Amino acid sequence: MNQAIDRVRLLFCFFSGEDDFIIRKCNFRIQIYFALIGFFVILLFAGCWASASLFTSHIFDEARWISLPVGIVWALLVTNLYLLLLYTISPELLPVARKKIIKEKGRKKKVVEGEEKVKKGFVFSFSFLFRTGLITFLGIVLAQPFNVSLFAHNYEEGDRFAEAIKHILSTNPGSWFITVAVCVAMLLPIQFKYRIRKISQKNFEKDFEGNDVTKGIRRLREQLGYTTDPENLYKQILSFDINSIRTSDFYFQKSLIQYRIILEEYEQFKKTYSFLLTERNIQGNRHCWENLMPHLNTLERINPKKYQIIYGQLKENLKAEKSAFEKYEYWADHPFRTKRRVTTRKFAAEKDLLQTFYKENN
């Protein structure tokens with residue numbers, strides 16, 4: 001019995017839209033909240049299917065069978081949109097570059113200001129209000145076919161859909177209850193997401209509280225939120241055995257995995273970049289030798305001494321590079337590119353420049 005319940009819980013976690021592999025590593029409370037999110041997603045799919053089927057059955061009286069496939073397509077579209085909206089309601093797990101627009105020589109230009117800590121008051125941001133507003137709108141649309149089906153006096157009245165909705169909402173308080181209930185059911189997973197954040201943070205504090213051995217992990221979590229030393233942070237992430245970190249902090253584990261994937265892919269990109277440049281350099285040198293050899297052979301017959309000098313210079317200039325090419329990084333936290341590399345230049349005095357040019361005359 002317990003195994004069957006666990007399977008159902010993990011099935012619901014799968015439909016929550018988050019990584020099932022990470023959820024399985026978290027404690028029971030977090031799994032329950034993700035299972036509730038997955039349950040509401042499945043409930044939304046079934047509700048959308050039924051709602052769209054009821055709506056299309058009133059439109060196509062002589063072909064009501066078409067309401068089933070139309071309902072499935074509509075349910076899939078709305079459910080995917082809903083999952084996407086839920087997925088975006090998560091804390092920032094990767095560095096984000098803050099940009100501002102400046103004017104330079106009369107032209108507008110975007111400049112990276114740098115990475116900043118996430119500001120508080122996220123609930124009142126335009127992005128959050130837009131997403132919750134869109135979810136609420138979907139809930140209102142989803143509830144109306146049920147209102148018509150439940151409160152319309154007869155099927156013919158339900159065919160006049162827009163008129164029936166207006167009449168039902170103005171005369172039946174129960175229709176408002178159904179509409180509000182559907183909207184609340186669609187907004188509840190957002191609350192569950194925020195509960196998961198708080199539980200994850202508390203779990204991390206409990207797992208690594210007052211332990212000197214795990215001091216590096218606590219420091220790592222702080223750096224993931226606001227990076228001050230990118231080079232050491234990335235080395236630490238690449239050297240860590242992520243599976244050995246035992247914590248129920250869902251977003252910490254997810255952030256570590258995302259960092260690791262990006263950094264490993266970027267390391268592979270730099271190796272490929274270096275290999276391709278080295279190969280191009282070798283091919284270019286070979287092409288130069290092929291083009292110059294007829295002229296060098298002619299020069300050798302005419303002026304062997306000059307030939308030896310030029311041949312030695314070409315051999316030195318076109319020799320294969322002992323060390324591979326490396327990609328130059330303009331950013332301090334590549335590949336995330338939120339902080340410019342700080343370069344210091346020392347400018348010599350004018351008299352030093354004159355001394356360099358005219359030292360022979362002195």
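A crossing of two helices is left-handed if the near helix is turned anticlockwise from the far one by less than a right angle, and right-handed if it is turned clockwise. The exercises below concern a predicted model.

**Exercise 1.** Determine how helices H4 and H5 are oriented towards each other.

*Solution.* Step 1: H4 spans residues 67–88 and H5 spans residues 126–151. Their axes come within 10 Å and cross at roughly 155°. Step 2: Angles over 145 degrees count as roughly antiparallel. Step 3: H4 is therefore roughly antiparallel to H5. Step 4: The handedness of this crossing of H4 and H5 is left-handed.

**Exercise 2.** State which residues of H4 and H5 meet, and classify them.

*Solution.* Step 1: On the side of H4, the residues are Val-78, Leu-81, Tyr-82, Leu-85 and Thr-88. Step 2: H5 contributes Arg-131, Leu-134, Ile-135 and Leu-138. Step 3: Sorted by class, the residues of this contact between H4 and H5 are seven nonpolar, one polar and one charged.

**Exercise 3.** Describe the crossing of H5 with helix H8.

*Solution.* Step 1: H8 covers residues 173–207, and its axis and that of H5 come within 8 Å. Step 2: The two axes cross at roughly 145°. Step 3: The crossing of H5 and H8 is right-handed. Step 4: The contact of H5 with H8 holds 15 nonpolar and eight polar residues, but no charged ones.

**Exercise 4.** Summarise the protein as a whole.

*Solution.* Step 1: The secondary structure consists of 13 helices and two strands. Step 2: Of the 362 residues, 33% are buried. Step 3: The accessible surface comes to about 24,400 Å², and carbon and sulfur atoms account for 59% of that surface.

Methods: Residues are numbered from 1 along each chain as its sequence is written. This is a predicted model: local features need pLDDT of at least 70, side-chain atom pairs count only at pLDDT 80 or more; totals for chains, interfaces and linings use all residues. Side-chain values use heavy atoms; hydrogens and water are left out. Axes are lines fitted to C-alpha atoms, for helices over the stretch in contact, and angles run from 0 to 180 degrees between N-to-C directions. Helices (H or I, at least four residues) and strands (E, at least two) are DSSP runs, numbered from the N terminus. Angles under 35 degrees count as roughly parallel, over 145 as roughly antiparallel, 65 to 115 as roughly perpendicular and the rest as oblique. Contact means heavy atoms within 4.5 Å. Ala, Val, Leu, Ile, Met, Phe, Trp, Tyr, Cys and Pro count as nonpolar, Asp, Glu, Lys and Arg as charged, and the others, Gly among them, as polar. Buried means under 20% relative accessible area, exposed over 50%, partly exposed in between (1.4 Å probe, protein chains only). Accessible areas come from the Shrake-Rupley method with a 1.4 Å probe; for residues, only the protein chains shown count as cover.
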